[in-house]
Amino acid sequence: GFGGGFNDFSGYRDPAAGAGQDLESAMSLTLAEAFNGVQRRVGLGNETLTVKIPAGVKSGSRIRVKEKGQINPISRRRGDLYLVVEIKPHSFFKLEGDQLSCELPITPDEAVLGAAVEVPTPDGSVTMNIPANLRSGQTLRLRGKGWRNPSGERGDQMVRVMIVPPATISDNERQLYEQLRAARSTDPRGHLKQMHL
């Protein structure tokens, strides 16, 4: 009368035999450390660990350190430690998801005439051609200069161009701007003259 699989323990797991609980801790990195990878010393109770952070991690990336979590008091097995990456803001570069971007100021004459300008990248400055008649807020692409993916390949760096008027101008520059205004042949607001609700 004791049939029906009462001796079948295939689905049973003894909690005493398992590992301890996993631990989670935040790790703050500069953008350079996250891009290049870095070794960090981490204090864990009475232990000091040296952890290798791979190149190309992003905010929210979880770095697993095996068997450095809590100890199961019965089995004496340890869980894992997970380091959750937080990347500090940078003054020029911005990392949003997988996209590395920046904002590049240019002068009004560079926007109208076009120019070759220097742009910082993670590898150092490169020359980028600004096409003539560029509008403020347009985005240009530097291929292969963006963030690393897990396989080590590089994405693109997106450069948002902003036209910035000079804070101060010389008398000669003011005279030239006044001549330019007098000679202007187009009205950028002409299409608004018939605009209404």
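Predicted model: local features only at pLDDT ≥ 70, side-chain atom pairs only at ≥ 80, totals over all residues.

Residues are numbered from 1 along each chain as its sequence is written, and side-chain values use heavy atoms, with hydrogens and water left out.

Begin with V51, L83, L104, V119, M128 and I130, which have the most contacts inside the largest nonpolar core, a set of 33 residues; such a core joins buried Ala, Val, Leu, Ile, Met, Phe, Trp, Tyr and Cys residues through side-chain atoms within 4.5 Å. Buried means under 20% relative accessible area, exposed over 50%, and partly exposed in between (1.4 Å probe, protein chains only).

Next select Q157 in strand β11 (residues 157–163), where strands are DSSP runs of E with at least two residues, and helices runs of H or I with at least four, numbered from the N terminus. Q157 counts as buried because its relative accessibility is 0%, and a polar atom of its side chain lies 3.0 Å from the backbone oxygen of P120.

Moving to helix α3 (residues 171–183), select Y177, which counts as partly exposed because its relative accessibility is 35%.

Finally, visit two loop residues. R76 lies between β4 (62–65) and β5 (81–87), and N133 between β9 (126–130) and β10 (139–142). Phi is near 65° in R76 and likewise near 65° in N133, whereas most residues other than glycine have a negative phi.

Definitions and conventions:
Polar contact = N/O pair within 3.5 Å; in protein donor to acceptor, adjacent residues only side chain to side chain.
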